[in-house]
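Good morning, colleagues. I would ask you to keep the sequence and the structure in view while I speak.

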Amino acid sequence: MIIFNTTYHADNARKDEFIGWLKESYIPTVLEHGLLQDPQLTRIFADNEEEGTSLSLQFKSPDTQALERWHEECGEALLAEMQKRFGDQVLGFSTLLEVIDL
């Protein structure tokens, strides 16, 4: 199992709009596509919260091939939409995590 984590930093002036867009548009679109599942959105505690809000959005993927397919078929378009809508007021980077059974 792979966890696809994207960490975002949003200007406080656009934070609420960005979270709304994630909940109402981004996450439903990802789930509708069908390859990623179990979304979790969290706020990251940070010392510099006056400069903006940091968030983590995670989805589970069965493997990296499914994630690559999702990115080509859906992810690139969502990223372009986010950049068009929020410009440099929301920045993000993604990390892949492999779940290790305990």
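**Sheet, helices and pocket**

Let me begin with the strands: β1 and strand β3, residues 53-61, pair in the antiparallel sense over 9 bridges. Strands pair here if DSSP finds at least two bridges between them, and the elements are DSSP runs numbered from the N terminus, helices being H or I of at least four residues and strands E of at least two. Please note that this is a predicted model, in which local features need pLDDT of at least 70 and side-chain atom pairs count only at pLDDT 80 or more, while totals for chains, interfaces and linings use all residues. Residues are numbered from 1 along each chain as its sequence is written, and side-chain values use heavy atoms, with hydrogens and water left out.

What is the order of the strands in the open sheet? The 4 strands run β2-β3-β1-β4, with antiparallel pairing. β2 (37-44) and β4 are the edge strands, each pairing on one side only. On average, neighbouring strands of this sheet are turned by 20° against each other, direction ignored.

I turn to the helices. Helix α1, residues 15-33, lies across β1, β2, β3 and β4 and runs at about 5° to β3. α2 packs on the sheet as well, touching β1, β3 and β4, and its direction makes about 10° with that of β1. Contact means heavy atoms within 4.5 Å; angles run from 0 to 180 degrees between N-to-C directions, with axes fitted to C-alpha atoms, for helices over the stretch in contact.

Why is β3 described as largely enclosed by the rest of the structure? The reason is that 7 of its 9 residues are buried, that is, under 20% relative accessible area with a 1.4 Å probe, protein chains only.

Finally, the largest pocket holds about 200 Å³ of space. A pocket is an open set of points on a 1 Å grid where a 1.4 Å probe fits, with protein on both sides within 12 Å along at least five of seven lines; lining residues have an atom within 4 Å of a point. Of the 14 lining residues, T6, Y8, Y26, L79 and S94 lie nearest the centre. α2 gives the largest share of the lining, 6 residues.

Note on methods. Grid points are joined across faces, edges and corners, and a volume is the space filled by probe spheres set on the points. Buried means under 20% relative accessible area, exposed over 50%, partly exposed in between (1.4 Å probe, protein chains only).
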